[in-house]
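Hi,

Here is the structure I promised to pass on.

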Amino acid sequence: MVKNYLTHILIGLLCTLAVVPLCAAKQVSPLTIGIFPRRSVQVTIQMFTPLAKYLSRELKRPVYLETSYDFASFWEKVKQQRYDLVHYNQYHYLKSHKTLGYQVIAKNEEFGSGSIAGAIVVRRDSGIHTLQQLKGKKIVFGGDRLAMQAYISATYLLRQAGLKQGDYFEQFALNPPKAAIATYYHQAMAAGTGDHVLALPRVRKEVGEDQMFYLAKSEPIAQLPWAVKANLSPQLVKQIKNLLTGLHQTPEGEQVLKDMRVSNILPATDSDYDSARRIIKAVLHEEL
């Protein structure tokens, strides 16, 4: 068990042993990477520690990797501006951009795509074939009401189908994979997830993609963003962006991408997330 469900790992290997004097002389400040709880703390550590090590070496400064047990505690740390580089969902980015000045520099490419969509999944034997049939039923959403794909985009689908808040029962799982698995085990009639959840190894292992299907998918929006704190120097921001988007160019970088379970990291700009802004406004009535 991770104490307080929080991991704070020092990866600054370059500031150890023989290179301590060099780091001390330059007085480089450490960087903290924040990763949102899309997966468990333990899995997140395994996936992103190689990236932290890589950035530490290339930037010649200590890099800390930090993750939280749930979305609420993660978002509190975003508001505290604990993170210099942060990986989160589209809602988190847009909110932090407007209120804190975080700026997107890159986005994931997953399964060969730079976009992602919200989805609603059901069991094949559920008898559910339309969104309207979910009226009066229980739907479990992955994450919380700030989960972009699993709640906001999934709810947008329901609204487009004519279902209003109160027409169905909301329940929440820790993350989208758990929501899909809960639905498989008959704990809900449907799950709000992302459009790749049934292809995730954990879900495939426990559920099997042929046992469930996507009842509906939302329009695609730009993939999960990487953003930097407003007070980082333009030179450092450029270095970080180049390192992230250049990972595919070397065998070592390819391995880092593989560890993160993404096919690439692509450049991104704020305007890429305008479609997410529109969906958020429709569901949460927030102007971001």
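Below are my notes on a few residues and on the salt bridges.

Some ground rules before you dig in. This is a predicted model, where local features need pLDDT of at least 70, side-chain atom pairs count only at pLDDT 80 or more, and totals for chains, interfaces and linings use all residues. Residues are numbered from 1 along each chain as its sequence is written, and side-chain values use heavy atoms, with hydrogens and water left out.

Let's start with Gly142, which sits in strand S8 (residues 138-142); strands (E, at least two residues) and helices (H or I, at least four) are DSSP runs numbered from the N terminus. Gly142 is buried, at 0% relative accessibility. Buried here means under 20% relative accessible area, exposed means over 50%, and partly exposed is in between (1.4 Å probe, protein chains only). Leu174 is 32 residues away along the chain, yet its C-alpha atom is 5.9 Å from that of Gly142. Leaving out neighbours within four places in sequence, Gly142 has contacts (heavy atoms within 4.5 Å) with residues including Ala147, Ala173 and Gly192.

Next up is Leu85, in strand S4 (residues 85-87). Leu85 is buried too, with 4% relative accessibility. Between the C-alpha atoms of Leu85 and Lys229 there are 6.5 Å in space, against 144 residues in sequence. Beyond four places in sequence, Leu85 touches, among others, Thr32, Leu55, Trp226 and Ile240.

Val207 is in a loop, between helix H7 (201-206) and strand S11 (212-217). That residue is also buried, at 6%, and apart from residues up to four places away it touches Ile181, Tyr184 and Met212.

Now the charged pairs. The whole structure has 14 salt bridges, each a side-chain nitrogen of Lys or Arg within 4 Å of a carboxyl oxygen of Asp or Glu. Arg57 bridges to Glu58 at 2.7 Å, N to O, and to Glu252 at 2.8 Å, N to O. Together Arg57, Glu58 and Glu252 form a salt-bridge network. Arg57 is partly exposed at 35%, as are Glu58 at 32% and Glu252 at 38%.

One more bridge joins Asp274 and Arg277 (2.8 Å, N to O). They are three residues apart in helix H10 (residues 274-284), so about one helical turn separates them. Asp274 is partly exposed at 41%, whereas Arg277 is buried at 16%.

Cheers
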